[in-house]
Amino acid sequence: MCPNSFLLFMKKLGSWKGVVGTQHGDEAKGKIVDVLADEADEVVRYNGANNAGHKIYNTDGSRSVVLSQAPSGVLKGKRGFIAANSLFSPSAYFEELERIKKFGVDNAIHLTRIATQASLIQPHQRLRDVALAKEAIGTTGRGIGPGYGDRAMRTHGERQLDLRMGVLLEDTQKAMRIMQNNYDAEVALLERDPECDQKRLKAAIAKLNIKDLMAQEFDAINTLVGLELIEKDPAYIVRRLQQGMNILAEGAQSLYLANLGTTPYITSSDPSVGGAISCGMPWQYLKELIFVAKSIPTRVGKGPFITEYGGSAQEAYCMEDEGDKHNRAYEQAAYGHRLDACLRSNNPLEFAGAVRSQTDEYGGVSGRPRRLGEFDAYMIRTAIEMYGATGLHLSKVDCLQLLKHRESIRIGVGYAQSGKNIDYVPTNEADARRTEAVYREYGTFDADISNAKSAAELPKELRRMLQDLEDYLGCPIHSIGIGPRGDQVIFRQGNWALAA
Ligand code: IMP
């Protein structure tokens, strides 16, 4: 079939949209996915696992739930699919289902199928992640790096390192034995590893509690197998598209935690639309590709963050005690009673802490404080150029009101080193650490925009900034988020600056 007749043939069929993070994760993708899910028949997760945390609010904004493996549409009764490039933790998934039940959705388990080729996250991978990488890199400690590592490695001597979901359909008991063997061998290896802090290892072993964990995994796996939720057909998604379904592909993490990131401070899966395509979502059916960026950018874990308030001092502050020290409760007590003074403060740590506590920028799953910075449009433009986007969703625009006492809202539009402009995004750590942003300045605004219904109701300074940003990015700003609820989104209706 020639390409043209192929496209004609496809017109009768379904299509898919992709949502991809364009900063360092936590761009509030869950919310826009939840909004876009209204028009979808099914939501697909194509990368990562329970390292993600997508926070979604109920309609009146009074309650929220953090989804980490379940595709966001399940809260609206949409079908979900966890596709081949994902890892999957059965025990964590069942804990998540309990959270979803408390949120008021009882049948979520029946809605989501899991690809036969997704890999199980095994206890030994969690142990290795916590013992060797969590402190060094600031990983989530959920076994993600070791899980993808083992998937690539497949076997090591006698050990079968990677277990795909499909093997559970053949022989669950055998899979459990492999998991236990992998765990025992890992403990023995780590106990002899001079790089491994033995005190930390002992604590991790105690916390993991392998006996209980194996029992939980066994129950969870049996339930999934019993309910026939593991999908054997590798062409499942394209079959749904051929049936005319509209599918939303929900990326986890972000392009700047992948090939655009700085090793080793990256995650191990491919969040780009290429990751979705390689799960069997043909590009010919791709209708829209929405990138997501947060107007108050954040990063969790370690790694360079060029526009960070206070630079590496904030990185150290947020990572103290692996992120546990300056948590939500600590910061609310520290900044809540003198908020205005902190928002006026010249001390970047104090300013960032106050903004963080007001905008609730703490890890959805881990609870770690997220490092805060200024908006870096250069990195987003580069991602758009490299990976393509039909539109950008700019989240949490209402939070820019907190910058009201500053001289201006600054947006990074380029980079420099020792006063000389550079024309690339540095992906090497030392290179990134000596880079600073070149900024454009915009007028601040002091207005609560969270109830605005259209662009015309936004302050003119903000509308000008949005239009200028759109021109700079060379990509339409598809929509902006102005609050946590699903109805707090303003969609583009034309030139933002001219909206009337
Ligand atoms: P891992 O994905 O747990 O291996 O962690 C690697 C890096 O990616 C760490 O800096 C994590 O904080 C970061 N990371 C992983 N998942 C997310 C996410 O969903 N949001 C933000 N950062 C993430």
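Which residues do ring pairs link into a cluster? The model in view is a predicted one, in which local features need pLDDT of at least 70 and side-chain atom pairs count only at pLDDT 80 or more, while totals for chains, interfaces and linings use all residues. Residues are numbered from 1 along each chain as its sequence is written, and side-chain values use heavy atoms, with hydrogens and water left out. The cluster in question consists of Phe 88, Tyr 93 and Phe 94, joined by ring pairs.

A pair of aromatic rings is described by the distance of the centres and the angle of the planes. Here the rings of Phe, Tyr and Trp (its six-membered ring) are taken to pair if their centres lie within 6.5 Å, and planes under 30 degrees apart count as stacked, over 60 as edge-to-face and the rest as tilted. By this rule the count is 5 aromatic pairs. Tyr 93 and Phe 94 form an edge-to-face pair, because their ring centres are 6.0 Å apart and their planes stand at 90 degrees. Tyr 93 has a relative accessible area of 1% and is therefore buried, a term that means under 20% relative accessible area, as against exposed over 50% and partly exposed in between (1.4 Å probe, protein chains only).

Another edge-to-face pair is made by Tyr 378 and Tyr 415, with 4.9 Å from centre to centre and 80 degrees between the planes. This pair links distant parts of the chain, since Tyr 378 belongs to helix H17 (residues 377-387) and Tyr 415 to strand S18 (residues 409-417), 37 residues apart; helices (H or I, at least four residues) and strands (E, at least two) are DSSP runs, numbered from the N terminus. Both Tyr 378 and Tyr 415 are buried.

Rings also meet charged groups, where a charge is said to sit over a ring if NZ of Lys or CZ of Arg is within 6 Å of the ring centre and within 35 degrees of the ring normal. Arg 381 lies over the face of Tyr 472, at 4.1 Å from the ring centre, and the charged end of Arg 410 sits over the ring of Tyr 439, 3.8 Å from its centre.

Which residues come nearest to the ligand? Of the 16 residues around it, these are Asp 26, Asn 51, Thr 140, Thr 267 and Arg 368, where a residue is near a molecule if one of its heavy atoms lies within 4 Å of it. By class, this shell has 5 nonpolar, 9 polar and 2 charged residues, with Ala, Val, Leu, Ile, Met, Phe, Trp, Tyr, Cys and Pro counted as nonpolar, Asp, Glu, Lys and Arg as charged, and the others, Gly among them, as polar.

Among the polar contacts (pairs of N or O atoms within 3.5 Å; within protein, one must be able to donate a hydrogen and the other to accept it, and residues adjacent in sequence count only if both atoms are side-chain atoms), a polar side-chain atom of Thr 140 lies 2.5 Å from an oxygen atom of the ligand. An N or O atom in the side chain of Asn 51 is 2.9 Å from a ligand oxygen atom, and for Val 300 a polar backbone atom is 3.4 Å from an oxygen atom of the ligand. Taken alone the ligand exposes 470 Å², of which the protein buries 97%, with areas from the Shrake-Rupley method and a 1.4 Å probe.

A polar contact within the protein joins the side chains of Lys 29 and Glu 27 at 2.6 Å. Lys 29 is in helix H2 (residues 29-36) and, at 3% relative accessibility, counts as buried.

Leu 229, in the loop between helix H10 (210-226) and strand S11 (230-231), is buried at a relative accessible area of 4%, and its C-alpha atom is separated by 7.6 Å from that of His 110, 119 residues apart along the chain. Val 397, in the loop between strand S17 (391-395) and S18, is 84 residues from Gly 481 in sequence and 5.9 Å from it in space, C-alpha to C-alpha.Most residues other than glycine have a negative phi, and most peptide bonds are trans. The peptide bond from Thr 263 to Pro 264 is cis, with omega near 5 degrees, and Pro 264 is found in the loop between strand S12 (246-250) and helix H12 (273-277). Glu 322 has a positive phi, near 55 degrees, and at 23% relative accessibility counts as partly exposed.
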